[in-house]
Amino acid sequence: MEEKILVTGGAGFIGSHSTEALLSCGYKVRIIDNFSSGDRDNLPAHANLEIIEGDIREPQSLRRAMSGVTKCLHLAAQVSVAHSVEEPCDSAENNIMGTLRVLEAARDHGVARVVYASSAAVYGEPENLPLTEAARLSPLSPYGLEKWVNERYASLFKELHGLSSLGLRYFNVYGPRQSPTSPYAGVITRFVDRLRVGQAPTIYGDGKQTRDFIYVADVARFNVLALFADQNGVCNVASQCSTSLLQLVEALQFGLGSHVSPHLNEPRGEDIRHSLGSAERLVDWLGEAPLYTLDEGLEAYLADMKLAR
Ligand SMILES: NC(=O)c1ccc[n+]([C@@H]2O[C@H](COP(=O)([O-])OP(=O)(O)OC[C@H]3O[C@@H](n4cnc5c(N)ncnc54)[C@H](O)[C@@H]3O)[C@@H](O)[C@H]2O)c1
């Protein structure tokens with residue numbers, strides 16, 4: 001049967017790169033997006049791409065989007081951790097009820113598999129590093145809890161209805177088209193925005209806090225692989241490389257030919273100190289490792305922005 005993939009949130013950062021990856025593999029792609037944070041300009045004009053402007057919380061739009069689809073990549077979400085703290089009901093309506101409606105519609109339309117965006121936010125403050133999928137889950141925000149609830153629903157749908165699914169716990173994804181306000185790797189976009197005009201980027205704390213950055217082209221490739229794999233459950237999407245914010249600034253200074261030093265501000269209470277994901281299951285289940293080192297990913301990112309020196 002000819003594959004037709006529905007990408008929810010396809011006009012967003014990860015969604016648009018994933019859509020391009022699917023199109024370049026020759027698949028038909030349909031996206032549904034309400035354009036709340038995504039942008040039509042993120043998407044190419046392509047004969048195999050169909051765009052539905054609609055909301056996943058709205059059953060009629062979702063039914064239309066799901067009809068005739070073989071597999072679904074579910075990325076649509078409200079992605080602001082701060083918003084989930086301020087307006088937990090609104091956030092849960094989008095992130096829990098939205099996902100539940102996607103799972104239900106997938107079941108009702110006989111969709112073979114759903115790959116959905118979970119997040120490293122399900123872990124909270126880590127006990128041990130690198131974080132494996134078996135680590136204790138202790139989310140620090142409604143957003144993280146919503147992603148965890150989605151994982152439980154997906155697992156229940158497998159048991160109750162036989163719906164195959166894989167939840168991908170993305171770590172800090174970065175690359176072209178990311179909003180500087182993104183809670184994940186927006187820090188990279190923000191640092192670039194400052195350094196390119198000769199201004200000091202601001203680091204909250206001593207800069208020795210570490211993150212696991214993964215380039216969006218790798219993530220898009222893993223999303224495609226996950227749609228055609230057969231494992232069920234959850235899997236980290238991480239580089240398993242630890243980078244401090246000071247190292248990040250250094251790499252960007254080099255890439256941009258800038259010598260401006262960062263400005264160190266008071267630490268923010270809500271930030272976790274270290275985050276690092278194990279990529280063991282990712283490589284085992286999806287058969288490939290991340291291709292981009294941080295330096296290569298930053299180079300590709302700056303080249304895309306026409307900023308590389
Ligand atoms: N970027 C990261 O580092 C990261 C890390 C962990 C998890 N995630 C998850 O990955 C997914 C994609 O994130 P992103 O960084 O590309 O964010 P994004 O904001 O660029 O993409 C989300 C897309 O979903 C759309 N959308 C939101 N609510 C919708 C709704 N109700 N109906 C239809 N469309 C809707 C938005 O318009 C946007 O195009 C999200 O589920 C996010 O929680 C991202």
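How many of the 5 residues of strand E1 (residues 4-8) are buried? I looked this up in a predicted model. I found that 5 of the 5 are buried, so E1 is largely enclosed by the rest of the structure.

Entry on the faces of E1. I checked each side of the strand separately. Lys 4, Leu 6 and Thr 8 lie on one side and are all buried.

Entry on pairing. I looked for the partner of E1 and found strand E2 (residues 28-33). The two strands run in the parallel sense and are joined over 5 bridges.

Entry on the whole chain. I counted 10 helices and 13 strands in its secondary structure. The radius of gyration is 19 Å, close to the 19 Å that the globule rule gives for 309 residues, so I take the chain to be as compact as a globular protein of that length. Along the principal axes I read a C-alpha span of about 55 × 40 × 40 Å.

Of the 309 residues, 52% are buried. Among contacts with a separation of 6 or more, I found that 77% join residues 24 or more positions apart.

Entry on surface and charge. The chain exposes about 13,900 Å², and I put the share from carbon and sulfur atoms at 49%. I counted 28 positive and 38 negative side chains. The centres of these two sets lie 3 Å apart.

How values were computed:
Residues numbered from 1 in each chain as written. Predicted model: local features only at pLDDT ≥ 70, side-chain atom pairs only at ≥ 80, totals over all residues. Heavy atoms only, no water. Helix = DSSP H or I, 4+ residues; strand = E, 2+ residues; numbered from the N terminus. Rg over C-alpha atoms; globule rule 2.2 N^0.38 Å. Buried < 20%, exposed > 50% of the residue type's maximum accessible area, 1.4 Å probe, protein only. Contact = heavy atoms within 4.5 Å. Areas by Shrake-Rupley, 256 points an atom, 1.4 Å probe, with all protein chains shown as cover. Lys, Arg positive; Asp, Glu negative; His and termini not counted. Charge placed at Lys NZ, Arg CZ, Asp CG, Glu CD. Pairing = 2+ DSSP bridges.
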